[in-house]
Structure formats: C-alpha cells, structure tokens
Amino acid sequence: FRHAESVSNRQNRFAGHTDVELTERGRTQAAKLADRIADMDVDAVYASTLQRATETAEIIVEPHKLSVTPVEAIKERSYGVLEGQPKSTENEYRSPSGPDRSKWRPPEGESRSDLASRVLPAVRRIADDHGGDTIAIVAHGGVNRTIIAGLASGDPMWGHQIAQQNTAYNTLLREDGWTLQRVNDTAHLRE
C-alpha cells in the first residue's frame, strides 16, 4: 500500500526522507482502506519508518490487531536538496541531456538505482521470512513502483511509469516467481 495523503502531497512538494505527517484527508483515506481490507487475512505488517507510512499502517491494520514492524530500508527515495521544494523545481537540477532518469541523482539525494539497491533486498528478505503468509507493506510511491517493477519484471527502472495514488492497493503473489495481481487500486476512495 502507498501511504495516505501527507502534507507534502497536498502541497505538491518533494518529501523524500523528510518526515511529514498525514493530512486529515489522509487519515480519512487510511480509514476507508482499513474498512476495505478488514476481512483480509494478514499475518504481518511492515512499514517505512517515516511517519506518513507508519501512521497509515497503524490505521489500516487496527482491525487486525497487529503491530507494525518499522523497516528503514523501505523509506522513500532521498531527494536531497529538493526535499521541501515544489516538484516543478526538479527541472532546475536535471539537465535534459544528462544521465537517464534511473541514474540521475539530485544533489545530496539518491538515484532510482540507489533506491532499488536498498529496497528490493529488504522486501525479498521480508518475503523469505514469511513463506506463504500474507504480508502488508506500507511504503511510498517511489518505493512501491520499484517493488512492483523489480519483482514483477526483474527491471525496477521502468517503475516510474506505474501510477501510485495515495492509499494505492497493490498485490503481488509469490509462487514460482512474482505475479502482479493488482496495481494502484483505489476503489475504496470512490464515493
């Protein structure tokens, strides 16, 4: 799942590693997602250590009476000097003739490749630790895109093309390999 709406989402600013809280709308979104998955069998819950993901996780698993395990490795990509800036400022730092998007690193931040190197091993370890269990992971747009693309296709670099709205519900099934079953499902937010 992607976290619910945060203050930075509302302001269309880069948050990255900056710890921002959910908005009231975000808390409502998380509660709607909690209602939607209340009957789902969940064996374990993991979340990014950033407040917006942790709070979302706590809200959505409350009906399951499970504790949330924080995982530093699945926090959002660091945007370095761009954090707190409007998303439109990315173009001021990124040359159109520069490296491809997977290798571009904002000053003091991480590239998409850096993110994949951090996130994918952590998610694989979590999956290995739980065998056939149903695991909920609450993270961030960039992290979820990396997980989906990296596990479903083996190439996390195309993940930027995957939509991830707030409280997006994604499902990956691991059997002989990984199969993407659901992506960016936000039906719980419809009136």
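This is a predicted model: local features need pLDDT of at least 70, side-chain atom pairs count only at pLDDT 80 or more; totals for chains, interfaces and linings use all residues.
A residue counts as buried when its relative accessible area is under 20%, as exposed when it is over 50%, and as partly exposed in between. D133 sits in the loop that links α5 (112-130) to β3 (135-138). Q51 is 82 residues away from D133 in sequence, and the two C-alpha atoms are 25 Å apart in space.

Step back now into the helix before that loop. α5 has 19 residues, and the distance from its first C-alpha to its last is 27 Å, close to the 27 Å expected at 1.5 Å a residue. At the start of α5, the backbone nitrogen of S113 has a side-chain oxygen of S111 within 3.3 Å. At the other end, G131 follows the helix with a positive phi, near 50 degrees. Among the buried residues of α5 are L115, R118, A122 and I126. The buried residues of this helix pack against β1 (44-48), β2, β3, α6 (141-153), β4 and β5.

Two of those strands deserve a look of their own. β4 (residues 169-174) and β5 (residues 178-185) pair in the antiparallel sense over five bridges, and they form a hairpin with three residues between them. Within this pairing, Y169 has D185 of β5 as its bridge partner.

Finally, turn to E76, in the loop between β2 (68-71) and α4 (90-93).

Technical notes:
Residues are numbered from 1 along each chain as its sequence is written. Side-chain values use heavy atoms; hydrogens and water are left out. Helices (H or I, at least four residues) and strands (E, at least two) are DSSP runs, numbered from the N terminus. Two strands pair if DSSP finds at least two bridges between them. The expected span of a helix is 1.5 Å times one less than its number of residues. Buried means under 20% relative accessible area, exposed over 50%, partly exposed in between (1.4 Å probe, protein chains only). Contact means heavy atoms within 4.5 Å. A polar contact is a pair of N or O atoms within 3.5 Å; within protein, one must be able to donate a hydrogen and the other to accept it, and residues adjacent in sequence count only if both atoms are side-chain atoms.
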